[in-house]
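This briefing sets out computed features of the structure shown below. The points are grouped by topic for reference.

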Amino acid sequence: MANAADTRTLSDPSLGALLASLYALCKPRVVALIVFTAVVGMLLATPDLPPLGALLFGTLGIAFAAASAAALNHVLDARVDAQMQRTRHRPLPAGRISGTQAVVFAFALGLASMLMLGVLVNPLTALLTFCSLIGYAVVYTLYLKRATPQNIVIGGAAGAAPPVLGWTAVTGSIDAHALLLFLIIFAWTPPHFWALAIARRDEYAKVGIPMLPVTHGDAFTRLHILLYTILLVLVTLLPYLTRMSGLIYLAAALLLGAGFLYYAVRLKASERPELPMRTFAFSIKYLTALFAFLLIDHYLPFYL
Amino acid sequence: MLWFRPLALAAAVLTLAVVVLGAWVRLNDAGLGCPDWPGCYGQVTVPQTAAELEAAQAAFPDRPPEPGKAWLEMTHRYAAGILGLLILAIAVIAWRRRDDPEQRVFLPVFLVALVIFQALLGMWTVTLLLKPILVVLHLLGGMTTLALLWWLYLSTDPKRPPRALAAPPLGMAAVAGLIMLGLQIALGGWTSANYAALACPDFPTCQAEWWPEMDFADGFVLWRGTGIDYEGGVLDNDARVAVHMTHRVGAIVTALVLFAIGGTAVWRARTRGARAAGAWLIVLVCLQWAIAVSMLARGLPVMLATAHNAIAAILVLTLVYLIYKSWRMQPTPGR
C-alpha cells in the first residue's frame, strides 16, 4: 500500500505543507457536494428546522466520514494515481506525504466521525455512514473499480447515501422520501462519471481500469449517458409526484433536466473534444442546483 | 452425469426457500399452526370444511385450528418434503455411480441422513411445543443443509477438477469466519426461540443502559425438561436481556471478523470470484446490521425479521463460496 510514497523522502517537511497535503487528501470539492446533499437531506426531513445538535454534529460527522473515505481512496489508489496525468500530482504519488501519515489521518477522521455520529447523533446514522465509507473505500475502490465496467453504477450507491444519512441524522429512521433523494444521485452518477471517463479514456485504459468507454467504446458510452440522463430526468419528477416537493421544484427539475438532456444529446450527436468535460462540469452544477431547489421549495411550497 | 449439478443447484435454491419459509412460519407465530406431525389436525391437508374444522376442534380442544397459520406450517412441510425427495434423488444417482472415482458419494448420502434428522427436529419442534434448543438445532440443520448442497454444487464443476487440498491463510480465515457466523446464527435463533428480540427495544443501549442487569445462567439453560409450552417464552426479563445482549456482542465480533475476511479477500485474493465474495460479504454484513437496527426501531416487523434470517442464509452461501474460491484455486499452500 502506497509503498512508492513511503520510500521517497518527503519533499517539503514544513507544517504548512503537511496541512495543505492533508487538506488535499480530503478531496474538499467532492466532500463539499456530499455535505451539501446531506444537509439538504437533514432540512427536508422535518417541516420545521431540525434540532441544532443533529444539524451541527450530523454535518461534521458526515463530512469527516467523507473526508476519511477520500483519504483512504488516495492511499489505495496511490499506485494507479501515479500513472495517470489527472492524478499524478495528488499528495501521495507526488511524495508530499507518506502512506503511513495518510492512513493514520484517514483512521483518525473515521474514528472522530463514528464517535460524533454514534454518541451525539444516533447509532443508525453512524452505522449507515460506516457502511457507506467502507462501501466506497473498500468495495468500490478496491474491488468494483477494477472488476467491472458497471463499477460506477453500483459504486454510485455509496455516493448516493449522504442525503439518506442526513435524513436519518434528524429522524433516526430510513424513510421513503430519503430514498428518493438516494435514487436521484444514484441515477445521476453514471452520466456524470462517464462524461469524465470519455475524456480520460486513454488514461483509464493505460492503468487497466475497465471503465465503460475502455471496455465498450466511446459511442456505446455516449448512448448510455443519454439513456441514463432520460432516466434521471424521470426520477427527478418523483419528489413532485409523491408530493414531497411542489411546483417550484418541478419547474427547476424540468429546466435543469432539459439542460442535462441538451448536453447528453449533443454528446451523442457530436464528437467535439471539449464536450465530455463540459458535460461533466454541467452535471455538477446540475446536481447542486437541483438540491438547492429542493430546499427552496421546501420552505416556499406551492402546490396545485 | 448431466443431471447431477443442476439437481444440486436446484436443491440448494429450494433449501434457501425452505429455510426462509421456516423463519416466516416461526415469525408469524405459526410454528404450532398444526399441533401434530406429519399431518395437520390428523389430516394430510389443512382442515377447511366446517366438518373438518369441527373434527379438528374436537381432537385438539386446547388448540383451536387457525387455517391461515396451519397453511403456513403445512407449506413449509410440503416444501421440505419435496426437498427431501430431491436430496434422495441426488443420493441415489451418486450411489449408482459410486464406482466412478470423480463421483462424490459421501456428501450426498450424508445429506440424506441430515435431512431425515431435520425432519425429526421439525417434528419435535412441534410435539415438544417449540422447545428452544430444538428450534435452534432445526435452524442450524437447515443452514448446514444449505451450505453442504451449495458446496456440492460448487465442488462438482467439471471445468475445475479438484486439486489437492491446500490450506491458504484466506481459506482458513474463511472457515473460521463460517464457524463464527454459525455461532452467531445459533445465538440469533436462541434470541428468537426465547422471544428475547424485544427484551432490548432500544439500540445501542438496552432498556436505557449500556450494560443492564442480566442473568446469563438462566438465559442459557439448554434443557428445561419436556411438557412445557414455550410459545411466548418462559424466561424472565433479566434472562431474556442476557440472551439478547449476547447476540448483540456476537454481532459486533462477527461483523469485525467478516469485515476483516471480506477486506482481505477484496484486497489480496488472487481469483476474481474470491474478491467478489469479499465485496459481497462486506455489503451483506452492513445490510444485516441495518436490518437489525431497523427491526428494533420498528418493533420487530415480520418482514424485516424474515429478511434478517434470509441475509444470514445468504451470508452462509457467500462464505462457502469464498472458501471454495480461495481454497481450490490456490496451486500451492501459502504465498
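**Briefing: residues, helix packing, domains and chain contact**

B:V126 has its place in helix 4 (residues 106-127) of chain B. The model is a predicted one. Chain B is assigned two domains, domain 1 (1-162) and domain 2 (166-335), and the assignment for chain A gives domain 1 (1-7 + 14-174) and domain 2 (175-304).

**Individual residues of chain B**

- B:V126 counts as buried because 20 C-beta neighbours lie inside 10 Å, and the cut-off for a buried residue is 20 or more.
- Apart from neighbours within four places in sequence, B:V126 is in contact with B:L32, B:P35 and B:W37.
- B:V126 and B:R240 are 114 residues apart along the chain, and their C-alpha atoms are separated by 22 Å.
- B:D62 is located in the loop between helix 2 (50-59) and helix 3 (67-96) of chain B.
- B:D62 has 6 other C-beta atoms within 10 Å and is therefore exposed, since a residue with 12 or fewer is classed in that way.
- Between the C-alpha atoms of B:D62 and B:T145 there is a separation of 34 Å, the two residues being 83 residues apart along the chain.

**Contact between the chains**

- Chain B contributes 17 residues to the contact, and chain A contributes 16 residues.
- On the side of chain B that touches chain A, the elements giving two or more residues are helix 8 (237-268) and helix 9 (272-297) of chain B.
- Helix 9 of chain B provides the largest share of that side, 12 residues.
- The side of chain B that touches chain A comprises 13 nonpolar, 2 polar and 2 charged residues.

**Helix packing across the chains**

- Two packed helices are described by the angle between their axes and the distance between the axes.
- Helix 7 (residues 123-147) of chain A and helix 8 of chain B cross at roughly 25 degrees, and their axes come within 9 Å.
- Angles under 35 degrees count as roughly parallel, and helix 7 of chain A and helix 8 of chain B are therefore roughly parallel to each other.
- The crossing of helix 7 of chain A and helix 8 of chain B is left-handed.
- From helix 7 of chain A, the residues A:V138, A:L142 and A:Y143 meet B:G263, B:V266 and B:W267 in helix 8 of chain B.
- By class, the contact of helix 7 of chain A with helix 8 of chain B holds 5 nonpolar residues, 1 polar residue and no charged residues.

**Helix packing within chain A**

- Helix 10 (residues 176-199) and helix 16 (residues 275-299) of chain A have axes 7 Å apart and pack at an angle of about 155 degrees.
- Angles over 145 degrees count as roughly antiparallel, and helix 10 and helix 16 of chain A are therefore roughly antiparallel to each other.
- Helix 10 of chain A and helix 16 of chain A pass each other in a left-handed crossing.
- Helix 10 of chain A makes this contact through A:W188, A:P191, A:H192, A:A195, A:L196, A:I198 and A:A199, and helix 16 of chain A through A:P276, A:M277, A:T279, A:F280, A:S283 and A:L287.
- The contact of helix 10 with helix 16 of chain A divides into 10 nonpolar, 3 polar and no charged residues.

**Domains of chain A**

- The C-alpha centres of domain 1 and domain 2 of chain A are separated by 22 Å.
- Domain 1 of chain A gives 29 residues to the contact, and domain 2 of chain A gives 27 residues.
- Helix 3 (28-45), helix 7, helix 8 (151-160) and helix 9 (162-171) of chain A each supply at least two residues of the domain 1 side.
- Helix 3 of chain A gives the most to that side, with 7 residues.
- The side of domain 1 that touches domain 2 of chain A has 17 nonpolar, 9 polar and 3 charged residues.

**Domains of chain B**

- In chain B, the C-alpha centres of domain 1 and domain 2 lie 23 Å apart.
- A set of 28 residues of domain 1 of chain B is in contact with 27 residues of domain 2 of chain B.
- The elements giving two or more residues to the domain 1 side are helix 1 (4-27) and helix 5 (132-155) of chain B.
- Helix 5 of chain B gives the most to that side, with 13 residues.
- The side of domain 1 of chain B that touches domain 2 of chain B consists of 23 nonpolar, 2 polar and 3 charged residues.

How values were computed
Residues numbered from 1 in each chain as written. Chains lettered and ligands numbered in written order. Predicted model: local features only at pLDDT ≥ 70, side-chain atom pairs only at ≥ 80, totals over all residues. Contact = placed C-beta atoms within 7 Å. Helix = DSSP H or I, 4+ residues; strand = E, 2+ residues; numbered from the N terminus. Nonpolar A, V, L, I, M, F, W, Y, C, P; charged D, E, K, R; others polar. Domains from an automatic or database assignment. Axes fitted to C-alpha atoms, helices over the stretch in contact; angles between N-to-C directions. Parallel < 35°, antiparallel > 145°, perpendicular 65-115°, else oblique. Left-handed = near helix turned anticlockwise from the far one by under 90°.
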